[in-house]
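Subject: A structure for you to explore

Hello! Here is the structure I promised to pass on. Have a look at it first, and then read my notes below.

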Amino acid sequence: MRRSHARRCNLELWPPLLFITLATLSVVLLPILVPMDPDAQSLANRLEGPSLAKPFGTDHLGRDIFSRIVYGGRFSLAIAAIATIATSTIGVCLGLLSAMKRGWIDEFLTRTNDMLLALPEIVVALLVIAIMGPGFASMIVAVTIMGWTPTARLVRSLSFEILSKDYVEVARHLGCSKWFIIRHHVIPGLASPVMAQTALRFGLLLVGLGALSYLGVGVQPPQSDWGSMLADAQPYAARAPWGLLAPGAAIFIVTLSITLLGNAITHRTGRRDLLLIEANSPDKKASHVQ
Amino acid sequence: MSTLIARRFLGLVAIALLSSFVVFLIPFITPGDPVRKLLRARMDVGPADAAAVQAYAQQFGLDAPLWRQFLSWVTRFLTGDMGISYTSLTPVFDQVMPATAITLTLAGGAMVVAVLISLALGLVCAVSTGRWPDRVITSFTHALVSIPEYAIAPLLVVIFALKLALLPSAGWAGPASWVLPIVVLALRPISFFTVAVRSGMLDALAKEHIVAARARGLGERRTVLTHVIPHGLLPLWTMMGVWFAGLLGGSVIVEVIFAIPGMGRLVYEAVLNADIPVAQGGVVVVVVLAVVVTTLVDLGHVAFDPTVRSRIRHA
C-alpha cells in the first residue's frame with residue numbers, strides 16, 4: 001500500500017516537472033540555438049498544414065506557428081511568473097500580518113478579502129485596464145489586485161494553526177522574539193502548502209492572463225502571446241484548426257503540468273483539504289482544523 | 001440569526017457603496033477633462049465651447065465637492081438613471097437590464113449543468129476512493145481546469161456548428177444556441193464542484209456523528225440520506241455561491257466568442273470603446289448582484305450547517 005502510494009506520487013511529480021522544464025528551456029534557449037523569425041510573413045504560404053519544416057503549420061499571414069509559439073511563450077510564461085510571484089509575496093506577507101498582529105489589522109484584511117472574493121475577477125481586471133490602459137503593467141496589476149486573496153487566506157489560517165501549537169508556546173516562554181518564531185516555526189510550516197498553492201495559482205494565472213490577451217486588452221501587437229495567437233487564429237478555425245490547436249495545447253499542457261505538480265506537493269504534505277482553499281468562505285475556517 | 005442577517009446586510013451595503021465609489025471615480029482618474037466626460041454622460045450631444053461647458057457644469061452641480069457629487073450620482077443610479085451611453089446615445093439602463101437577464105440565464109444554466117454532472121461524478125468518486133473510477137474522474141477534473149475556454153470554445157464551434165451543423169455557432173436565440181455557451185461555461189465549475197462533492201462526502205463519512213448514527217442502529221440507507229449527503233454537500237454549496245457570483249461577470253470570454261449580448265460583453269465593449277457610463281452601470285450592477293448572491297449563500301450556509309448555527313448562538 002505504501003509503495004503504491006509512493007509510486008503514484010512520483011508519477012504525479014516527475015512527468016509534469018519534465019514538461020515544465022522542457023517548456024521553459026525551449027522558450028528560453030530555442031531562439032538562441034535555432035534561427036527563427038516569428039514575424040516573417042509569406043502570404044504565398046498562408047494557412048499551410050503541419051509539415052517537417054513547419055511542424056505546427058502557418059497562420060493567416062504565412063508566419064511559422066512553431067516559432068510564434070516559442071516566442072509567444074516568452075511573454076505568456078514570463079508574465080504569469082511575475083504575476084504569480086507578486087500575488088504570492090503579497091499574499092504571504094498580508095496573511096502573516098493578519099495572524100501575527102490580529103486585532104483590527106486582521107479584521108480589516110479579512111473583510112477586504114471577503115469583499116474581493118465576491119467580485120468577478122475579469123470585470124475587475126477590465127476595470128483596471130480601462131483606467132490604466134492596456135499593457136504589461138496593467139495586466140499584472142489587474143490580476144494581482146484580486147490574486148493575493150487565496151494565498152493570504154491560506155497563510156492566515158495555517159499560521160493561526162501553527163501559532164496555537166505547544167512548541168510555539170514553549171518558544172514564547174523561552175523568550176524567543178516574534179520574528180524568531182516566524183522564521184523558525186511559522187515559515188517552515190507554511191513552505192510546502194504555499195508552494196502547492198503557488199503552483200496551482202500559476203496555472204490559473206496563465207489561463208487568466210491569456211484570456212486578457214485573447215480579448216485584446218493584454219499583450220498588444222506587434223507582440224503576441226498564446227492568448228492573442230488564439231484570437232488571431234479563430235477566424236480561420238475551420239480552414240486551419242492547427243492555428244487554434246497549437247497555442248491551446250501549449251496553455252493546456254503547461255497548466256495541467258503545473259496543476260499536477262501542485263497536487264503532488266499537496267499530497268506530500270498529507271493535507272488534501274488544502275486543495276479546496278479557493279472555496280474558503282468566512283464560515284469555513286473551522287473545517288480546516290482536523 | 002437576525003443580528004447576523006443585519007450584520008451581513010450592512011456589509012453588503014458597505015461593499016456596494018465602496019465599489020460604486022471606485023467606479024464613480026473613473027471619469028476623474030482617466031485621462032481627459034472629467035467635466036466634459038460627465039456632461040457627455042448626461043446629454044446626448046456634448047457642448048463645444050468652454051463657456052457652455054461651464055454653464056452646464058454649474059447646472060448639473062459638477063462644481064460641487066466630490067462627496068456630494070457621489071451622493072447625487074448614487075441617488076440617480078438607484079432611480080434607474082445611469083446616464084447616456086457615449087456610443088449608442090441611448091440610456092445605459094435600457095442596455096444593462098436586458099443584458100443582466102441574459103447573463104443570469106447563461107450563468108444559471110451553467111450552474112445547473114455543472115451541479116448535476118459534478119454530483120454524479122463526485123458521488124462515484126466518493127464511493128470508489130482509490131480505485132480506478134475515482135482516479136479516472138480525478139484526472140479528468142484536473143484536465144478540465146487546465147483547458148482555456150477561449151481555446152475549447154472555437155474548437156467546439158468548428159466541430160458542432162461548422163462541420164456537423166448541429167448547433168448555431170453564435171447568438172442568443174432559442175435553446176439550441178444556449179447549448180455550446182452553457183457547456184463551455186460549465187467546464188471549470190464541473191471540475192471544482194466534483195472535487196468539492198468528493199471531499200465533502202469523504203469528510204462526512206468519517207465524522208463522529210455518522211459513527212454514532214450507525215451505533216444507534218440507524219440503517220445504512222437512512223444514515224447516508226439524512227446524515228452523510230446533507231453534510232457532504234456543504235462545500236459544494238459554498239463553492240456554488242462563489243462561482244455563480246464569478247460567472248455573472250466572468251462569462252465575458254464565452255459571451256464574446258458566441259456573440260451573446262450579455263453583461264460581460266457589454267462591460268468589455270464599453271471598456272474597449274471608452275464608453276464610461278456603460279462601463280460604470282455594468283460594473284455596478286454586476287458587483288451588486290455578485291455581492292447579493294454571495295451574502296445569500298453565506299446565510300444559506302448558516303441555515304444548513306448545525307455546527308455553524310450553534311457557534312453563532314454561543315458567540
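Accessible areas here come from the Shrake-Rupley method with a 1.4 Å probe, and for residues only the protein chains shown count as cover. By that method, chain A has an accessible surface of about 13300 Å², with 69% of it belonging to carbon and sulfur atoms.

This is a predicted model, in which local features need pLDDT of at least 70 and side-chain atom pairs count only at pLDDT 80 or more, while totals for chains, interfaces and linings use all residues. Residues are numbered from 1 along each chain as its sequence is written, chains are lettered from A and ligands numbered from 1 in the order in which they are written, and side-chain values use heavy atoms, with hydrogens and water left out.

Chain A contains 9 helices and 0 strands (DSSP runs numbered from the N terminus: helices are H or I, at least four residues; strands are E, at least two). Of its 290 residues, 52% are buried, meaning under 20% relative accessible area with a 1.4 Å probe, protein chains only.

Now for chain B. The unreviewed UniProt entry annotates "transmembrane region" at several places, including residues 147–166 and 283–304; such annotations may be inferred rather than shown by experiment. In the model, residues 283–304 of chain B are 100% helix, with end C-alpha atoms 31 Å apart. Residues 147–166 of chain B are 75% helix and 0% strand, and their end C-alpha atoms lie 23 Å apart.

Enjoy exploring!

Terms used: Buried < 20%, exposed > 50% of the residue type's maximum accessible area, 1.4 Å probe, protein only.
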